[in-house]
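Reader: Can you walk me through this one? Keep it quick, please.

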Amino acid sequence: MPMYSEKVMDHFTNPRNIGEVDDADGVGEVGNPVCGDMMKFTIKVKDNRIEDIKYFTFGCGAAIAVSSMVSEMARGKTLEEALKITNKQVAEELGGLPGNKMHCSNLGADALHKAIHDYMEKQGAKK
Amino acid sequence: MKEINLDYAAATPVDEKVLEAMLPFFTEHYGNPSSGHNLGEKPRQALEEARAEVGRLIGIEEPGKNKIIFTASASEANNLAIKGIVTAGKRRGNRIITSAIEHFSILNQLRSLEKEGYEIVKLPVDESGLVSPGQLKEALNDQTILVSIQVANTEIGTIQPIKELVAIATEQEIPFHSDATAAAGWIPLNVEALGVDMLTLAGDQLYGPKGAGALFVKRGIRLRPLIEGGIQEQGLRAGTENVPAIVGFGEAARLAYTHLQKRSEQVASFRDKLKESLFKEIPHLHLNGHPEKRLPWNLNISVEFVEGEALLMRLNMEGIYVSSGSSCTSQALKSSHVLDAIGSPPELAQGSLLLAAGLKSREEDIPGITEKMSEVASLLRKMSPLYHQYLKEAQNNANV
């Protein structure tokens, strides 16, 4: 087992915001079982802010902790702010990740951004 | 917190009798077995007694004709067998045949030899992990210098039809090496009956100390040592012998030989009951490896919809220690080559758990283990996109 920070262990043990929001405004899915990690984020957007955010994650300890942290970081933020959340920031907020687990944090921000872009595309299509 | 070890494949504790046998060789009998004076006498004798015990465990009644070379590990013994025969150069040819599910101490050195121009044939295995004798026969040609196929697989437990495989190679006078590290002490082994030319085993898999392995070498097989220097171990492994560890290995081999059937039945009984309990209480489990032809201590399952490292970490928090073949638990971030070879789909390989029973595994712990495993599996499934996808599809099918 890799050496995880206390924060990673906290989010792994008590992951926040698990689930799927009802009538999601945006959905972002990344990864696949071959690489070992898969994340699906769903968001609810109100007045250009992420009002609610939930996720399902298939993956290792780091992947679960990253999903949980991303959901906390993005909640309440404007879409522009949320799009600025980087993989690096997520890893930093978690007190660092073991070197070979950095790709898990990449998935987290990617899935979030994908959900936001999905929402934006749907909005564009409505206009 | 109560701790339950289900990872005896990684390490076994040293048996107290083994430790007792070892201790005098750190202090009282510290001498060098190569010394000509009295101090070398006791260690030298102990070394030969250990050699006889290890030999007995693999069916050698009369030591002398054959060689048992002590090494520092099974990995080293595997390296001595393959590199030793290749560099001895007594056989002309460049093909080496192995299976796709060997230990890395076989596969990685073969990959190096491949870069040097050797032709490496990795025989596939079927979905239960068995090598086909027919495919071995087809793979042999006049360029073949060695076949190396394990007795049994440590990860999925599958036991190969070694006798049959050896007979095919022997017919064409091709030497056969077999890695018996996972099997020695747990299933009866007789090198003469099997017909193998070389066999690897180690003490730390059978309640002996780490740091002692051995390679059986049949008379007539020529090897070149990996470590050159003095003429310890009949010139095949230079360096002062690790006498305490070898003595421990010998005592562990003696105990394993004496109690083989009882030990084997004991761990198999635990393993079978654990399997039954888990499959009864937890839905969507899959057995990896052969249903019957498997090592008595070995249970390997895939917990569908969840990933192995997360399972391992959650179980660790509950004091239950297991290992997984998922990519996240490996340093190389690759899922197990063994599960890949048996055709396990990626999502199932990622959720694989090796549950390795040991002599201290207790049947009264099975309900507790099952309960924790069940809790952990449902908790992780609740957050798994694969599980929710499955539920949705099941719902849709029900509606159709």
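**Chain contacts, helix and pairs**

Author: About 2,100 Å² is buried between chain B and chain A, and 71% of it is on carbon and sulfur atoms. Buried area here is the accessible area (1.4 Å probe) that two parts lose on being put together, summed over both. This is a predicted model, where local features need pLDDT of at least 70, side-chain atom pairs count only at pLDDT 80 or more, and totals for chains, interfaces and linings use all residues. Residues are numbered from 1 along each chain as its sequence is written, chains are lettered from A and ligands numbered from 1 in the order in which they are written, and side-chain values use heavy atoms, with hydrogens and water left out.

Reader: Which three residues supply 29% of the area that chain B buries against chain A?

Author: B:Met313, B:Met383 and B:Pro385.

Reader: What about polar contacts between chain B and chain A? How many residue pairs?

Author: The count is 7 residue pairs, both residues at pLDDT 80 or more. A polar contact is a pair of N or O atoms within 3.5 Å; within protein, one must be able to donate a hydrogen and the other to accept it, and residues adjacent in sequence count only if both atoms are side-chain atoms.

Reader: Is H10(B) mostly covered or mostly open?

Author: Mostly covered: 8 of its 10 residues are buried. Among them are B:Leu311, B:Leu312, B:Met313 and B:Arg314. Buried means under 20% relative accessible area, exposed over 50%, partly exposed in between (1.4 Å probe, protein chains only).

Reader: What happens at the start of H10(B)?

Author: A side-chain oxygen of B:Glu307 comes to within 2.8 Å of the backbone nitrogen of B:Glu309. Just after H10(B), B:Gly319 has a positive phi of about 80°.

Reader: Where does B:Arg314 lie?

Author: Over the face of A:Phe12, at 5.1 Å from the ring centre. The rule for a charge over a ring is NZ of Lys or CZ of Arg within 6 Å of the ring centre and within 35 degrees of the ring normal.

Reader: Salt bridges next. How many are there across the interface of chain B and chain A?

Author: The rule finds 1. B:Lys392 pairs with A:Glu20, the closest N and O atoms being 3.8 Å apart. A salt bridge is a side-chain nitrogen of Lys or Arg within 4 Å of a carboxyl oxygen of Asp or Glu.

Reader: Why does that pair join two chains?

Author: Because A:Glu20 lies in the loop between helix H1 (6–13) and strand E1 (26–32) of chain A, while B:Lys392 is in helix H14 of chain B. A:Glu20 is partly exposed at 29% relative accessible area. B:Lys392 is partly exposed too, at 46%.

Reader: And how many salt bridges over all chains?

Author: The structure holds 22. One of them joins A:Lys44 and A:Asp25 (3.8 Å, N to O). That pair links distant parts of the chain, 19 residues apart: A:Lys44 in strand E2, A:Asp25 in the loop between H1 and E1 of chain A. Salt bridges that share partners also join A:Asp10, A:Arg16 and A:Glu72 into one network. Within it, A:Asp10 and A:Arg16 meet at 2.8 Å, N to O.

Reader: Switching to rings. How many aromatic pairs over all chains?

Author: The count comes to 5. One of them is A:Phe41 with A:Tyr55, tilted, at 5.6 Å centre to centre and 40° between the planes. Rings of Phe, Tyr and Trp (its six-membered ring) pair if their centres lie within 6.5 Å; planes under 30 degrees apart count as stacked, over 60 as edge-to-face and the rest as tilted.

Reader: Are A:Phe41 and A:Tyr55 buried or exposed?

Author: A:Phe41 is buried at 0% relative accessibility. A:Tyr55 is buried, also at 0%.

Key: Helices (H or I, at least four residues) and strands (E, at least two) are DSSP runs, numbered from the N terminus.
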